Amino acid sequence: MPPERLRLASGLGVGYGESVMATTVLVGAQWGDEGKGKIIDVLTEQADVVVRYQGGNNAGHTVEVGDQKYVLHLIPSGILHPGKISVIGNGVVVDPAALLAEILHLRERGVSIDGNLYVSETAHLVFPYHRLLDEIREEQKGKRKIGTTKRGIGPAYADKVARTGLRTVDLLSPQRFSEKLRRKIRENNEIFKAFGAKPLNFAKINREYLECARQLRPFITDTVTLLNRAVRDGRNILFEGAQGTLLDIDFGTYPFVTSSNATAGGACIGTGIPPNKVDRVVGVMKAYTTRVGEGPFPTELLDDQGLLLRETGREFGATTGRPRRCGWFDAVATRYSVMVNGIDELAVTKLDVLDNSPKIKVCVAYKDGDRIYETVPNDIDVFKRCTPVYQEFEGWLSPTKPAQDFDQLPKRARIYLQKLAQLSGAKLSLVSVGPRREETIFLQA
Ligand code: GDP
Ligand code: IMO
Ligand code: MG
């Protein structure tokens with residue numbers, strides 16, 4: 001990294017509000033829903049361009065501005081800042097009807113979307129057969145289901161890798177699009193027949209997609225060139241990760257994962273910005289842990305304490321409304337996240353949710369029989385058996401929301417945060433004590 005970029009990247013705290021960001025990748029360091037949307041929104045102040053690099057409308061990123069609450073699924077959370085550019089990168093899978101609905105909904109609420117949103121022409125498309133396949137596969141799995149969002153994300157990425165997918169650029173050539181779609185529907189209807197499901201109607205889907213194409217045309221462009229020009233011109237780029245590290249297709253708790261690379265490496269693949277242009281990685285993590293869907297979760301609390309976290313933290317899925325599983329902070333998982341993402345700085349969210357807890361636990365290792373694990377086991381059956389080794393902290397039992405800077409936080413809260421950073425192995429840069437923009441504390445570098 002050239003020295004001037006290093007200098008630019010030096011800390012969230014010192015330069016907040018000034019243009020000091022350079023290129024920053026923001027990733028979820030746990031199992032998703034860490035509060036990425038809120039932190040992206042806050043950091044967009046320093047950014048010129050915000051780009052989503054993976055996932056699809058399985059994501060639900062919540063941003064609260066004043067008394068308004070927005071939940072973004074495909075559009076980057078930076079869209080709420082006028083004058084900034086939002087990009088849906090090539091690594092995202094796009095359901096055109098969902099994207100259009102999101103655009104129209106935001107416009108209705110007075111958010112300007114014209115000339116500030118671009119969609120990659122090489123992003124793959126999600127179709128009704130992907131959603132139906134997602135549903136059928138989950139049903140077939142029965143008790144072994146993943147607990148997907150049923151948005152068709154897995155099957156859409158599968159088509160991309162199988163080289164049989166359609167991309168947004170195909171929407172721009174209606175005749176070619178229709179030919180490809182006809183073949184895909186014919187092929188998938190054979191599969192549906194085998195499962196006893198109703199076949200899909202090509203003419204209806206074709207009509208709907210071509211109408212979406214007409215409306216989305218102005219947004220579809222060569223974002224790889226657009227983004228690289230922005231980097232060349234010294235613009236500050238913020239990469240918005242979706243899902244979280246432990247849901248990453250390669251580094252997560254496979255097969256209980258999503259189908260894309262949510263980790264920092266995915267930022268380059270999903271945008272076309274090369275690795276040597278990335279200046280820093282920020283990892284977002286809650287002060288405790290949540291997970292939606294199935295899969296191992298060693299610190300999960302199945303008792304009243306878990307219910308209390310869910311109620312206090314309002315832990316219900318932003319996309320599916322499902323109750324989130326809640327548990328104590330898992331430092332084994334976050335340490336692993338720091339390693340695979342190269343996280344430089346940590347943003348810890350939802351500290352306020354722990355304000356009324358007399359005791360707070362942190363998992364510092366896993367135990368399986370006599371064996372202690374200090375990193376995440378790759379064998380899913382071992383992971384499922386692991387129980388947490390806890391370190392206990394005294395709660396601070398006072399409100400954290402009023403704190404304007406780190407020193408104003410209760411002493412025990414500061415000790416807790418410093419411990420989370422130390423156990424995770426990265427520098428604490430930001431603390432969030434509420435869903436709103438102003439409920440954010442920036443630490444001095
Ligand atoms: P994302 O998917 O990572 O963007 O996270 P979600 O939006 O799905 O879930 C995070 C939830 O926590 C949202 O409802 C946010 O409004 C909320 N939130 C974010 N930061 C804080 C915080 O510091 N305190 C509290 N109480 N809520 C927060
Ligand atoms: P954000 O960006 C939390 C989970 C699903 C399921 C698994 C696979 O808001 O953090 P999928 O539909 O992707 O095939 O489901 O991944 N999952 C999420 N969990 N937050 C998300 O996104 C998620 N996106 C997918 O619950 O367990
Ligand atoms: Mg979410």
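The shell around ligand 2 has seven nonpolar, 10 polar and three charged residues. Here Ala, Val, Leu, Ile, Met, Phe, Trp, Tyr, Cys and Pro count as nonpolar, Asp, Glu, Lys and Arg as charged, and the others, Gly among them, as polar. This is a predicted model, where local features need pLDDT of at least 70, side-chain atom pairs count only at pLDDT 80 or more, and totals for chains, interfaces and linings use all residues. Residues are numbered from 1 along each chain as its sequence is written, chains are lettered from A and ligands numbered from 1 in the order in which they are written, and side-chain values use heavy atoms, leaving out hydrogens and water.

**Ligand 2**
- Ligand 2 is surrounded by 20 residues, each with a heavy atom within 4 Å of the ligand.
- The closest are Lys 36, His 61, Thr 149, Gln 243 and Thr 258.
- Polar contacts are pairs of N or O atoms within 3.5 Å.
- Lys 36 places a polar side-chain atom 2.7 Å from an oxygen atom of ligand 2.
- For Thr 149, a polar side-chain atom lies 2.5 Å from an oxygen atom of ligand 2.
- Gln 243 uses a backbone N or O atom, 2.8 Å from an oxygen atom of ligand 2.
- The protein covers 97% of the 550 Å² of accessible area that ligand 2 has on its own; areas come from the Shrake-Rupley method with a 1.4 Å probe.

**Ligand 1**
- Around ligand 1 there are 19 residues, and the closest are Lys 36, Gly 37, Thr 62, Asp 352 and Ser 432.
- By class, this shell has four nonpolar, seven polar and eight charged residues.
- A side-chain N or O atom of Asp 352 is 2.7 Å from a nitrogen atom of ligand 1.
- Lys 350 has a polar side-chain atom 2.9 Å from an oxygen atom of ligand 1.
- Of the 580 Å² of accessible area that ligand 1 has on its own, the protein covers 93%.

**Strand β2**
- Strands are DSSP runs (E, at least two residues), numbered from the N terminus.
- In β2 (residues 49-52), Val 49 and Val 51 point one way, and Val 50 and Arg 52 the other way.
- All four are buried, meaning under 20% relative accessible area (1.4 Å probe, protein chains only).
- β2 pairs with β5 (residues 85-88) in the parallel sense over four bridges; pairing needs at least two DSSP bridges.
- β2 also pairs in the parallel sense with β10 (residues 237-240), over four bridges.
- Val 51 stands opposite Val 87 in β5 and opposite Phe 239 in β10.

**Cysteines**
- The whole structure has zero disulfides, with a cut-off of 2.5 Å between cysteine sulfur atoms.
- Cys 212 counts as buried because its relative accessibility is 8%.

Definitions and conventions:
Buried means under 20% relative accessible area, exposed over 50%, partly exposed in between (1.4 Å probe, protein chains only). A polar contact is a pair of N or O atoms within 3.5 Å; within protein, one must be able to donate a hydrogen and the other to accept it, and residues adjacent in sequence count only if both atoms are side-chain atoms.
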